[in-house]
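Student: I would like to learn how to read a protein model, one feature at a time. Where do we begin?

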Amino acid sequence: MAVHDWADRLAARTQARRSAGLWRHRHIGQPTSALCDFAGNDYLGLARDPRLAEAMAEGARRHGAGARASHLVNGHLAVHEALEGRLADLTGRPRALLFSTGYMANLGVLQALCDEETRVFQDRLNHASLIDGARLAGARSRRFHHADLADLDRLLERSATGALRLVVSDGVFSMDGDIADIPGLATTARRHGAWLMIDDAHGLGVLGERGDGSVGHTHGMDEVPVLVGTLGKALGTAGAFVAGSEALVEHLVQFARPYIYTTAQPPGVAAATLAALEILASEPQRRTRLHALIARFRREAATLGLPLMASSTPIQPVVLGDDATVMAWAAHLAERGIQVGAIREPTVPRGQARLRITLSAAHTDDDLNALLEGLADCWARHTVTGGEMLT
Ligand SMILES: *Cc1c(COP(=O)(O)O)cnc(C)c1O
């Protein structure tokens, strides 16, 4: 179809996506719905905690619904400053810098650190925002095979020795649920004089002795100089931060355009995140409960014969391979009142379509029973095609 104008272009692209069976729909989420949520990222069950809602309301009453300006004008409030201090403490870094979203934090870091001369090395399964950040910087990204240190080492070896190099990885991979080998990445990066940046969006709050994530206090700044965490997942609110040295954070304040040219986070959100961090510290039983649910899910799903992946995190994908199968399973589960993620390309590679099941400390034993019964029913009804994970 020849494209003559904008309407043609939109129609052509829409048609291509529809005929590939990849059209995406938004469903209107119902916060207190009857649907049992196994699709979200609220791993500790904090998003609906009334203490966070109260802190948010109180923060808005005290400081206003909006921050009124960017951080460098006069939107940087005491509540933001306090939150940055707490996030630095949580991750064992001297400083942390708040961003309005994780997407923007990754754009900001990569754009501020890199340029056309910089070489960026990314795990093939890294989050889209990391790929886009390198693009915004005009930096060349090379992708290494997922979790393959030898491949990373080979790419680093072959790259120009004169250029500054940055190795970038998710801490916990958002669609597979596996945890990056942080010490391995750090050693490989250091061998080539490269810095390591970890995006711990799905590890923060969930992993580590105090919920400090896959990096946190376990891996210091010599191993991971650039740490990104997001607040919209386990912490139940919104926003993100970059933690690291004084020099790194000051550099971001000066040069990260997605930090500079945007309105500061609403103060109520920062206040709610402070409340979430308090609960993270005072209620470790949430993490214990979450990990018990993960263990039980894996045990019983394996007994059913479901094709699980090697994940010990709340992200438990069931790779079915085929788009139609994934959509059919998700629809069948939804009829039973169970919501799971149905993930297709381009979010995951073709042929690896999957249910993305996520567990939360807020789930009851009955919720998990309902999920397992629904999955057993799907498994009995459907013939799985193209599922490479089926052995
Ligand atoms: C969700 C996510 C982001 C984006 O965070 P937002 O705050 O939702 O913009 C970045 N990186 C990873 C790995 C994520 O999973």
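Predicted model: local features only at pLDDT ≥ 70, side-chain atom pairs only at ≥ 80, totals over all residues.

Student: Into which domains is the protein divided?

Tutor: Domain bounds come from an automatic or database domain assignment. Here domain 1 covers 50-282 and domain 2 covers 284-381. Their C-alpha centres lie 28 Å apart.

Student: How many residues of domain 1 are in contact with domain 2?

Tutor: Contact means heavy atoms within 4.5 Å. By that rule, 21 residues of domain 1 are in contact with 19 residues of domain 2. Buried area is the accessible area (1.4 Å probe) that two parts lose on being put together, summed over both. For these two domains it is about 1,300 Å², and carbon and sulfur atoms give 57% of it. On the domain 1 side, Met175, Asp176 and Val206 lose the most area to domain 2, together 44% of what that side buries.

Student: How many residues does helix α2 have, and what span does it reach?

Tutor: Helices (H or I, at least four residues) and strands (E, at least two) are DSSP runs, numbered from the N terminus. The expected span of a helix is 1.5 Å times one less than its number of residues. Helix α2, residues 50-63, has 14 residues and reaches 20 Å from first C-alpha to last, close to the 20 Å expected.

Student: Which residues of α2 are buried?

Tutor: Buried means under 20% relative accessible area, exposed over 50%, and partly exposed in between (1.4 Å probe, protein chains only). In α2, Leu52, Ala55 and Gly59 are buried. Seen down the axis of α2, its buried residues fall within an arc of 60 degrees (taken from the directions from the helix axis to the C-beta atoms), so they line one face of the helix. They pack against α11, residues 267-282. Pro50 and Arg61, on the other side of α2, are exposed.

Student: Where is His202 found, and is it buried or exposed?

Tutor: His202 sits in the loop between β6 (195-199) and β7 (226-230). With a relative accessible area of 5%, His202 is buried. A polar contact is a pair of N or O atoms within 3.5 Å; within protein, one must be able to donate a hydrogen and the other to accept it, and residues adjacent in sequence count only if both atoms are side-chain atoms. The side chain of His202 makes one with the side chain of Tyr43, at 2.7 Å.

Student: What should I look for in the backbone angles?

Tutor: Most residues other than glycine have a negative phi, and most peptide bonds are trans. Arg68, in the loop between α2 and α3 (71-75), has a positive phi near 75 degrees. Arg68 is exposed, with a relative accessible area of 57%. Ala147 has a positive phi of about 60 degrees and lies in the loop between β4 (140-144) and α7 (149-158).

Student: Which peptide bond is cis?

Tutor: The bond from Glu345 to Pro346 is cis, with omega near 5 degrees. Pro346 is placed in the loop between β10 (338-343) and β11 (353-358).

How values were computed
Residues numbered from 1 in each chain as written. Heavy atoms only, no water.
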